[in-house]
Every structure is written in C-alpha cells, then in structure tokens.
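This briefing covers one protein chain, topic by topic. Please keep the sequence and the structure open while reading.

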Amino acid sequence: MGCQPRMLVQPVSRRRFATAVQNTLSSERKPHFDKILIANRGEIACRVIRTAKKLGIKTVAVYSEVDANSLHVLEADEAYCIGPAPSSESYLRMDKIIDVCRRSGAQVGSVSSSVIYGFLSENAKFAERLAEEGIVFIGPPSSAIVSMGSKSESKNIMSAAGVPCVPGYHGANQDTDLLFAEAEKIGYPVLIKAIHGGGGKGMRVVSSPSQFKDALASAQRESLKSFGDADVLVEKYIERPRHIEVQVFADTLGDAVSLWERDCSVQRRNQKIIEEAPAPGLSPDLRADLSAKAVAAAKAVNYVGAGTVEFIFDNDTEKFYFMEMNTRLQVEHPVTEMITGLDLVEWQLEVAAGNPLPLSQAQIPLVGHAFEARIYAENPRNDFLPDSGPLLYLDTPKPTHVFAPPIPPLPRTDSCSELDSVKRSPDTSTHVAPSMRLEQGFAQGAQIGVFYDPMIAKLVVHGRDRNSALRALRRALEEYKVVGVSTNVEFLRMLAGNEAFVNGEVETGFIKKHYEDLFPALESPSAELLAQAALFVALREHPIRSISLSTPWTTLASRRFGGDVYERTISIQPDDASAEPIQVSLKSISPGQFDIAVHSAMPKTFTGVSARLVSPTTLSTTLNGASTEITIVSQRPPPSHPASRATNTMERLHVFSASGTKTTLAVPPPAYLLSLGQDVLTASKGALRAPMPSLVVEVKVSIGDRVEKGQPVVVLESMKTETVLRAEVAGVVSAVGCAKGEMVEEGRELVDIKEDEQ
C-alpha cells in the first residue's frame, strides 16, 4: 500500500500556527496551539483527539500501512502514512514524523509550530531534535528524560533529593565478581534489573548465591537484545510488594502537584492488567508522604508536564521505595481523571502552552474510587499468550461519559500547609452516580495485528466508594463481548469478583497466589446450554415466519414427504478436538415451541420450550420456566482449512450467557465433508500452514531442498512471540508460498513437502 497522506479536512496552504505573544501582564493566559500532531496509535491517540476536538484544536495523525483504516486515522483532521508496519520503520522514525510536521502546515521556526505525542515520548534525542527544528514537544525537557531514563542515574538523583530507594547497587562498574559481592552485601533474595527499558525485560529474581551468575548473564543478554545496553543494577527483592504510582504535574514556572496515587499491583508478565485510584488501604499520612516524595522527585529533575513516579511498597513493613519515573501520560491515567474530575490531556496542553497549573494542590479533589480494566487480545489460560486476528464481533457496554464527570475543585486557601494539602482521605460521602468510560482504538471488523501491543480497549468506571466501583466494573465486563480473538475479559470478571481482590488484598504476586480461584477447572457445557445452541442452529436455518406478513410466499409452509412435523438431530461438541460430539434432538410441536432431548453422559429432556431469534445473534428462550436472552455468534472456519476433527476447521458457536460467561462450542462437519477433507489432507500431508496471522521471520528452505522430519522450515512471529514450523514428513520441498517479511493469514499454505515414497 502506498504512503499518500489521507486528508480528512482540507488544510489551508502554508497556514501558520498560533504564536505565543510576549505579554506584559504575566497573569494573562496564553492560547492553546492551533494544531497538534499525535505520533501514536490506538486508544491513546483517540483519547488525545477527543480532548483536542473539545478545545477546537486540529489534529494530525500518523499511521503505518497496516493502520490505514484505524480509528485514530478516521477521527483525526489529517492523517499521513509514515511507513511499513514495524514500529522501527514507522512510528519510531524521527525523520518521518518531523517531515509530517512540515507537510501538515507547520512553519519551522515559529514559537508554536507544532506539538507531538507518541511512541517517542520518552526519547530524549527526539525531544532535542524537535527543539532544534523549532517544534514544541508536549512533554518534559530532554534533560529530565535522560535523568529518568536510566534506572541507576535516577536512583542516585532521588537519593540526593531525599526520596527513599530500595537498598542496592546502582553503579557503573559491571564486573561480574563485583556484582556478585554487592549481592552478598545486600542479602538474598535479590533482583537483577536492566538499567534501561521496562516491561519485565532484563529482570531476574535470584534466591541464592549459586543462581546469581547464570541469572546475571541471562538478564544481561535479554537487556542487550531489548534495549541495546547490557548494564544492570542489583537490588533487594521485596517478597510481598505492591506497585503504587503517583501522578504528578509540573509547569514551566516551577510549580508541581500530586494528583494522587494509583495501585497497579495486579500484573501478568510484569505488566499491568488492572489499575485503581486511590490505592486501597492507605492512611492519610502515608498518602501525604507518597505525594510529597513524588513531587520532590519531579522537582529534582526540573520536570515539566505529566509524569508518573512509581514506587514499590512493602506490604510487610509498609515502607515504600522509588522505582522509576515514566516521563509521559500513562495508559492508566483515566482512573486519576475520574477521582479528580479533570482532563489530564487538557492540562498537558495548558502547560505546554506556557500556562500555570490550573489548580493548586489544596484545590485538587479526591472523590470516590475508580478502576481501569485493560481488555487484551490474549489467552490467560495459556500464560496470557497474545492473540491476533479480526474482531469478527464486538458488542460493548454503553458508556455514560466521554470524559470524567466534572467534580468541583476545592476552594483556594492560603492557610493550608503543603503537607496538610496532601494529607487526605478520599471523599466517599458525596453522592456520586456510577459512571463508565470506554477508551478503545478498534471497531468491529478491525484487525488486531502482530506488530503492536494487543490491547483492544480500556474499561474505566467510577463509583462512590471501592465496592460501588467494583460493582460497576463487573457489570460492564458482563456486557463486553468479543469474537475473533481470545481475550482476557473472562479472567477480568473472575478477578473483579475474587474475594481477596474485593477486600483490597493486592500485591504483585496476586495472580500466582490466587491462581486456582482465578482459573477454576472448565466445566462441561450444561444440557441447557447445549439445547440453546441447537435451537440457534435450527432457528437460523428454519426461522419462524412473522404472522404479520400475508403473502403466499411467506404463509405457505414447506412440505415434507414424511409430514410437516419438524424434527432434527444436531451434533455439538465442546471446543476441544478430543471431546466427543453430543447429539441434541429437536422436535417442533408448533411455531416457536420445541421438545428437546440432549443425549449427553447425563441425558436430559425439555418439553414445551419456546424460542425465537430476536436478531441474528440474540436467542430468546423460556427453558425450565426461566425466560432469558443470550448472545450466540457463529464463527465459520477459514475457507483454506479442509474439514477435519480439529475444532479450528469447524463452525464455532460463541455463547454469551446473561451473566457474561462465554462458552465456545463446535459444530462438527457432516461425514461427507470429513471424507473430502481427509482426501485433501492426505494429498497434502507435507503441507505446513500458518497456525495464526503471523509475520514470516525466516524461510529456511527453497524448492528442491531435501528435508528430514522435524527439521525447522519456517520461523513465524506473532505478538513478539516466535513459532518454528517443522517438517512433518521427510521429503523434498515442492512449493514455497511465503517470503521473509511477509504477513500471512491463518491457514495459508507456506511450504509443501513431497513425502518420500515408502
């Protein structure tokens, strides 16, 4: 696909942006920018666009070739393609982004030429390049990014500023024996951690001296591969930690405030999955201390804009230690907006324009409680392995708000000390109606690709107190339905209802500690569920005619040689290739009335069941005296998959109960299709197909090459995870249907091997 700019609104030729004017009255507010460029994608880009539209600011989006039809591209005023799908060739290319600034109308050299958000928001070199080009960067100065980008340097700065740090070694000497000696001084267990980057990369927990050197070498290799730097630090490992972070804001006039803390303790693969604000169980004194230390951290590096100071909190001692500072507005910022009633993107624009912070510390509200649940395309039961593919069906709860519901600021006061202004408990006495926001970057039909983070959306709720907010979260998750990719919605529902989580007993090891409760054994589908699935199949193929229509074409029923009683047996099985199909017999006794027999291990019959399809995906039934409406979504197999006993070659029925529980069933193909499919599979016994949408990393064979059974043939990558396809037979390569760097769809034949004759 070409890289032509997509002009959604015709730009004015060579239009100059608003230039800040020197004012003699320092109290005069400076205007916002006329136009901003958002160098990001997905839900966060859409979030920024919403605030810009509210303020009358035009937006410029950039996108990679695979993002051409993404929501952020459609919602922006202008959009420009900046390269192929890999981030290194598009969103991380400084030269391309700066070029778009010029092409979109920015006059380089003016005071307020353009403004940037994005992938490069924590890249000091990018901030410096923008300054050289005369482009305003919405974010901190490059010096602050440099200082906070290094975990070792940042901890030295924090120690000097009086911010507590975890005991450990943060020096430049990386000699193995020295690091081993430092670990002995600290005392085991210790944590080896890369000084750059994040996301759990280059991080190892070491429990004893015998493990140290192997763990060190492993962490250094991973750090070098991920961040281009093998340097690590060694710290005391806290065994029952919480992850608590403080949202800070600072302006160019030297003022800084805390917008309270968030708890992000529940994580998988060292990455956040659910966040809440404020953190549960903190006393006003502890909240004040955290806020004061976070503000001190921001001031220590002359910070400007939105930042997050992250602390590790020891559940056993109730002491906290500086971990790192993220020099950007983070994914979880909406929970802070909900408890303060503020728009943090608007605050960023105010500060970037040179205006003072809109509120003083004493004026900032702290009302109620908020949660954010991240909806990911991933399989929690398979170690949260990321998934990719199309969003075939997407039905979400209806948001009550686009932005945080406004909360009146507290009155300005000069008598309140700096410490007293942050010594607060959340206001739970004010009546707060439950509210919900949905921050999403994808619509139904969109493709969740393999190149970027697999987050689909964020559900954000706010309530009067923690229990009220949790109820709102559980209800919203019940109404969130996705088909096409695996998601963590079911896991989030289990988490939000878990007794320990409800009680606020959070820690970073929460999932491991409560694994059995969060991942109960999967139950066999009930007879009621199988009956409803069979009714769905029957009614979509033999719908009940509306009595309001009176033409012969609609009133004359079909005729059957054996009589007009509709009887049918439907085979259904769990989404498991090893499961045996279950026969469900249906008999229509009158329009919309059925007798049903489920021939499972524990047979069950239902008589006089009323059922009708309200919509193509909604089934209404009265079963066992209970009237319910459930959602059932059919997913047909890819055409390239020959029929077989594997469930990914069958039609799948995704059944969502009234409580939101999702069960996937499979409808086995008829015998004649299985026979034809077996013929195809036998003829192509040596064919290797893509198991999922993937990027071809390497093709190890060419036509004519001889291969042995088990030999690596093709290497694929999906969601940053590599999969090696190996020859299933010994023989000669007869066809190669892919090339390095190519995106391939699920089921595509990549290599065919002609098996040796026996």
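In this predicted model, the axes of helix α1 (residues 42-55) and helix α11 (residues 344-352) come within 9 Å and cross at roughly 65°. Angles of 65 to 115 degrees count as roughly perpendicular, so α1 and α11 are roughly perpendicular to each other. Their crossing is right-handed.

**Contact of α1 with α11**

- On the α1 side, the contact is made by Arg 47, Val 48, Thr 51, Lys 54 and Leu 55.
- On the α11 side, Leu 344, Val 345, Glu 346 and Leu 349 take part.
- Sorted by class, the residues of this contact are 5 nonpolar, 1 polar and 3 charged.

**Contact of α4 with α5**

- Helix α4 (residues 124-132) and helix α5 (residues 142-149) have axes that come within 8 Å and cross at roughly 175°.
- An angle over 145 degrees counts as roughly antiparallel, and α4 is therefore roughly antiparallel to α5.
- Helix α4 contributes Ala 124, Ala 127 and Glu 128 to the contact, and helix α5 contributes Ser 142, Ile 145 and Val 146.
- By class, this contact has 4 nonpolar, 1 polar and 1 charged residues.

**Val 146**

- Val 146 is a residue of helix α5.
- The relative accessibility of Val 146 is 41%, so Val 146 counts as partly exposed.
- With neighbours within four places in sequence left aside, Val 146 is in contact with Ala 124 and Glu 153.
- Between Val 146 and Ala 124 the C-alpha to C-alpha distance is 5.9 Å, while in sequence they are 22 residues apart.

- Helix α9 covers residues 284-300, which makes 17 residues.
- From its first C-alpha to its last, α9 reaches 24 Å, close to the 24 Å expected at 1.5 Å a residue.
- Buried residues in α9 are Leu 286, Arg 287, Ala 288, Leu 290, Ser 291, Ala 294, Val 295, Ala 297 and Ala 298.
- α9 is followed by Asn 302, which is found in the loop between α9 and β16 (305-314).
- Asn 302 has a positive phi of about 55° although it is not a glycine.
- Is Asn 302 buried or exposed? At 59% relative accessibility, Asn 302 counts as exposed.

**Other backbone features**

- Most residues other than glycine have a negative phi, and most peptide bonds are trans.
- Asn 270 has a positive phi, near 60°, in a residue other than glycine.
- Asn 270 is placed in the loop between β13 (267-268) and β14 (271-272), and with a relative accessible area of 47% Asn 270 is partly exposed.
- The peptide bond from Tyr 188 to Pro 189 is cis, and its omega is near 0°.
- Pro 189 is in the loop between α7 (176-186) and β8 (190-194).
- Ala 277 and Pro 278 are also joined by a cis peptide bond, with omega about -5°.
- Pro 278 is in the loop between β15 (274-277) and α9.

**Two buried loop residues**

- Asp 67 is found in the loop between β3 (58-63) and α2 (71-75).
- The relative accessible area of Asp 67 is 3%; buried means under 20%, so Asp 67 is buried.
- Which residues is Asp 67 in contact with, leaving aside its neighbours within four places in sequence? They are Arg 41, His 72, Val 73, Tyr 91 and Tyr 452.
- Val 729 lies in the loop between β39 (721-726) and β40 (731-736).
- With a relative accessible area of 4%, Val 729 is buried.
- Not counting residues up to four places away in sequence, Val 729 touches Lys 685, Gly 686, Val 707, Glu 708, Lys 709, Ile 753 and Glu 755.
- Val 729 and Gly 710 are 19 residues apart in sequence, and their C-alpha atoms are 7.5 Å apart in space.

**The whole chain**

- The secondary structure of the protein chain comes to 19 helices and 42 strands.
- The protein chain has 758 residues, of which 51% count as buried.
- Among contacts between residues at least 6 apart in sequence, 65% join residues at least 24 apart.

Methods. Residues numbered from 1 in each chain as written. Predicted model: local features only at pLDDT ≥ 70, side-chain atom pairs only at ≥ 80, totals over all residues. Heavy atoms only, no water. Axes fitted to C-alpha atoms, helices over the stretch in contact; angles between N-to-C directions. Helix = DSSP H or I, 4+ residues; strand = E, 2+ residues; numbered from the N terminus. Parallel < 35°, antiparallel > 145°, perpendicular 65-115°, else oblique. Contact = heavy atoms within 4.5 Å. Nonpolar A, V, L, I, M, F, W, Y, C, P; charged D, E, K, R; others polar. Buried < 20%, exposed > 50% of the residue type's maximum accessible area, 1.4 Å probe, protein only. Expected span 1.5 Å × (residues − 1). Left-handed = near helix turned anticlockwise from the far one by under 90°.
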